[in-house]
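Biologist: I would like to learn how to read a ligand site in a model like this one. Could you take me through it step by step?

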Amino acid sequence: MAVQISPSILSADFARLADEAARVPNADWLHVDVMDNHFVPNLTIGLPVVEALLKATSTPIDCHLMIEDPDRWAPAYAEVGAGSVTIHAEAAKAPVRTLRQIRAAGARSGFALNPSTAVEQYEDLLPEIDMLLLMTVEPGFGGQKFLDVVLPKIRRARELIARYGGEVWLQVDGGVAADTIERCAEAGADVFVAGSAVYGAADPSAAIDHLRELATT
Ligand code: DX5
Ligand code: ZN
């Protein structure tokens, strides 16, 4: 499993997004947190900003939609060119249809679970999913404390993916930093979102190298 690091621009300077993207040339993805103040108690950015960012960077964009009614909104993010579009299990009413629409529009399909949402009920959906995202904080804000309680679920998700036999990336998001990333990797995660651990560092690019090294060894 190749380790991938996806720095979250939620912790970057929103007034200088192109510059902030350029500070992390070694990132595999740029993680964009779309929040609607309904699914989560915070409001961030949406499609026009994603479109602008796509023009400003060659790093693929990993859109994490923390919004109500993702069935309505998610395909557009894939259509404008996001490389990966993730919808939340708790918000999607027709996840199979939406995941298929994301793929049909040329993006990788992502499916996210909040800390208290069980993974087993979604085993049959794995063929529709390119990346399973297990939240390691309650979604809504950067800089929260990593929830160790999710570690057993990461392990079980990795087992389900192995049993299925297809390639599904396993992403973790929330509180992922130098002191928590090894636990996530050991449990089976291979794509790591990090906001404050990257953009809160004096040298974001060096922080990515360090996180990658910790997750790999
Ligand atoms: C939280 C977002 C995360 C956030 C992570 O709801 O989904 O992507 O940016 O921030 P850190 O890494 O600071 O916990
Ligand atoms: Zn996120």
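Modeller: We will go from the ligand to its surroundings, and then to the database annotations. Keep in mind that this is a predicted model.

Biologist: Let us begin with the neighbours. How many residues surround ligand 1, and which are the closest?

Modeller: A residue counts here if one of its heavy atoms lies within 4 Å of the ligand. In this model 20 residues surround ligand 1, and the closest are Gly 140, Asp 173, Gly 175, Gly 195 and Ser 196.

Biologist: Which protein atoms lie 2.8 Å from an oxygen atom of ligand 1?

Modeller: For polar contacts, look for pairs of N or O atoms within 3.5 Å. One case involves a side chain: an N or O atom of Asp 33 is 2.8 Å from a ligand 1 oxygen. As for cover, ligand 1 has 380 Å² of accessible area on its own, and the protein covers 100% of it.

Biologist: Where does ligand 1 sit, and which elements give two or more residues to its shell?

Modeller: Ligand 1 sits in the largest pocket. Strand S2 (30–35), strand S3 (61–66) and strand S8 (191–194) each give two or more residues to the shell. S2 provides the largest share, three residues.

Biologist: Now the annotations. Which residues does UniProt list for "active site"?

Modeller: The unreviewed UniProt entry lists Asp 33 and Asp 173 as "active site". They are spread over 141 residues of sequence but cluster in space, with a largest C-alpha distance of 10.6 Å. Both Asp 33 and Asp 173 are in the lining of the largest pocket, and Asp 33 is found in strand S2.

Biologist: What about the "binding site" annotation that includes His 31?

Modeller: That annotation, from the unreviewed UniProt entry, names His 31, Asp 33, His 64 and Asp 173. These residues span 143 residues in sequence, yet no two of their C-alpha atoms are more than 10.6 Å apart, so they gather at one spot. The lining of the largest pocket includes Asp 33, His 64 and Asp 173 from this set. His 31 has its place in strand S2.

Biologist: Where is Ser 8 placed?

Modeller: Ser 8 is in the loop between strand S1 (4–7) and helix H1 (17–22). A "binding site" annotation in the unreviewed UniProt entry covers residues including Ser 8, Phe 141 and Gly 174, and the lining of the largest pocket includes Ser 8, Phe 141 and Gly 174.

Methods:
Residues are numbered from 1 along each chain as its sequence is written. Chains are lettered from A and ligands numbered from 1 in the order in which they are written. This is a predicted model: local features need pLDDT of at least 70, side-chain atom pairs count only at pLDDT 80 or more; totals for chains, interfaces and linings use all residues. Side-chain values use heavy atoms; hydrogens and water are left out. A polar contact is a pair of N or O atoms within 3.5 Å; within protein, one must be able to donate a hydrogen and the other to accept it, and residues adjacent in sequence count only if both atoms are side-chain atoms. Accessible areas come from the Shrake-Rupley method with a 1.4 Å probe; for residues, only the protein chains shown count as cover. On a 1 Å grid over the protein atoms alone, a cavity is a set of points where a 1.4 Å probe fits but cannot get out, and a pocket is an open set with protein on both sides within 12 Å along at least five of seven lines; lining residues have an atom within 4 Å of a point. A molecule sits in a cavity or pocket if more than half of its atoms lie within 2 Å of its grid points. Helices (H or I, at least four residues) and strands (E, at least two) are DSSP runs, numbered from the N terminus. UniProt positions are given in the numbering used here, feature names are shortened, and annotations may be inferred rather than shown by experiment.
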